[in-house]
Amino acid sequence: MLKDFFTKKKKYASIPSEKAKQDVPQGLMQKCQSCKKIFYRKEMDKNLQVCPNCGHHHQIGAFKRIESLFDEGSFIEWDKQLISSNPLDFPDYEDKLEKDRKKTNLNEAVVTGKGTINGFETAVAVMDSRFRMGSMGSVVGEKIARAIENARESSIPFVIFTASGGARMQEGVLSLMQMSKTSVAIQRLNTAGGLMVSVMTNPTTGGVSASFASLGDYNLAEPGALIGFAGRRIIEQTIREKLPDDFQTAEFQLKHGQLDKVVSRHDMKDVLTTILDIHSTGGANNETSTGV
């Protein structure tokens with residue numbers, strides 16, 4: 001009937017079919033680990049994985065960080081071919097390494113090389129916590145030590161971005177040896193009058209925090225980064241005291257004199273440029289000045 005034709009039918013929300021669910025692109029959205037707000041992943045990537053709402057600094061890949069700091073086309077990677085073996089025949093270690101290589105498109109937990117930051121030639125090592133939690137094995141220590149030696153021989157500054165859970169247990173004492181190897185390389189750089197800037201990102205813990213991460217001429221950190229040697233629970237059980245809520249954060253370390261500055265990821269290139277400019281004996285004439 002004509003009346004039925006013009007009758008407004010009620011609309012009900014329907015549950016998406018399984019096919020419809022599968023049609024939604026995976027990884028389209030991303031939730032902030034701090035404020036829990038949801039953003040488009042592309043928006044977060046464009047903002048260098050810094051939450052637009054609360055400023056929380058999420059983990060960022062090594063090459064994405066390099067891209068945000070170095071002049072376009074200037075970066076040259078070193079020692080990409082170095083790959084970890086399994087010296088202690090640790091069960092399933094090689095399989096785990098291979099999975100991380102496929103997941104991250106990296107051969108190890110650190111990328112080293114050189115390039116220019118606003119015209120200043122700089123050697124760099126960038127750790128990536130997506131690969132074995134950034135743990136320090138023989139290859140990680142070797143690549144960092146070689147990068148420091150290259151910086152010394154070329155008389156250029158060395159900048160390192162740390163992100164690590166500490167020594168890699170699958171390599172035992174060979175992993176712990178990297179603490180002394182890298183520290184000796186830093187001392188040689190220092191004796192030669194070279195400059196080292198350490199930037200600690202979340203997390204920087206264990207043997208990494210107890211060696212090269214803390215030996216910079218300038219020790220910087222990203223906001224909210226976890227920085228420390230032993231875990232909070234172990235320390236509380238040992239000293240039988242409750243620790244402050246902000247214990248081992250970058251802000252806590254700055255307040256207690258363990259850092260020179262906490263620097264937002266968005267300001268990092270300007271701050272590094274200022275440091276490089278201060279210590280330059282020539283090179284680029286850059287007018288950027290943010291204060292350190």
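Residues are numbered from 1 along each chain as its sequence is written, and side-chain values rest on heavy atoms, with hydrogens and water left out. Because the model is predicted, local features need pLDDT of at least 70 and side-chain atom pairs count only at pLDDT 80 or more, while totals for chains, interfaces and linings use all residues.

The UniProt record, an unreviewed entry, lists Cys32, Cys35, Cys51 and Cys54 under "binding site". These four span 23 residues in sequence, yet no two of their C-alpha atoms are more than 8.7 Å apart, so they gather at one spot. UniProt positions are given in the numbering used here, feature names are shortened, and such annotations may be inferred rather than shown by experiment. Cysteine 35 is found in the loop between β1 (29–31) and β2 (38–40), and cysteine 54 in the loop between α3 (41–46) and α4. Helices (H or I, at least four residues) and strands (E, at least two) are DSSP runs, numbered from the N terminus.

Contact here means heavy atoms within 4.5 Å. Not counting residues up to four places away in sequence, cysteine 35 touches Cys51, Asn53 and Cys54, and cysteine 54 touches Cys32, Ser34 and Cys35. Accessibility is classed as buried (under 20% relative accessible area), exposed (over 50%) or partly exposed (in between), using a 1.4 Å probe and protein chains only. Cysteine 32 is buried, with a relative accessible area of 1%. Cysteine 35 is partly exposed at 25%, and cysteine 54 is partly exposed at 37%.

A disulfide is a covalent bond between the sulfur atoms of two cysteines; the criterion applied is a pair of cysteine sulfur atoms within 2.5 Å. The structure holds zero disulfides. The cysteine sulfur closest to that of cysteine 32 belongs to cysteine 51, and at 3.6 Å it is too far for a bond. For cysteine 35 the closest cysteine sulfur is also in cysteine 51, at 3.7 Å, again too far for a bond.

A nonpolar core is a set of buried Ala, Val, Leu, Ile, Met, Phe, Trp, Tyr and Cys residues joined through side-chain atoms within 4.5 Å. The largest one has 56 residues, and those with the most contacts inside it are Ile144, Phe158, Phe161, Val197, Leu220 and Leu272. Leaving aside neighbours within four places in sequence, valine 197 is in contact with residues including Phe158, Leu220 and Leu272.

Leucine 220 lies in strand β8 (residues 218–221), where Tyr218 and Leu220 on one side and Asn219 and Ala221 on the other are all buried. In a regular strand the side chains alternate between the two faces of the sheet. Strands pair if DSSP finds at least two bridges between them. Strand β7 (residues 196–205) and β8 pair in the parallel sense over four bridges, with serine 198 opposite asparagine 219. Two bridges join β8 to the parallel strand β10 (residues 261–262), and leucine 220 stands opposite lysine 261.

Glutamine 248 sits in the loop between α9 (232–239) and α10 (250–255) and is buried, at 6% relative accessibility. A polar atom of its side chain lies 2.9 Å from the backbone oxygen of alanine 230. Phenylalanine 63, in helix α4 (residues 62–69), is partly exposed at 37%. Phenylalanine 63 and leucine 106 are 43 residues apart in sequence, with their C-alpha atoms 9.6 Å apart in space.

Terms used. Polar contact = N/O pair within 3.5 Å; in protein donor to acceptor, adjacent residues only side chain to side chain.
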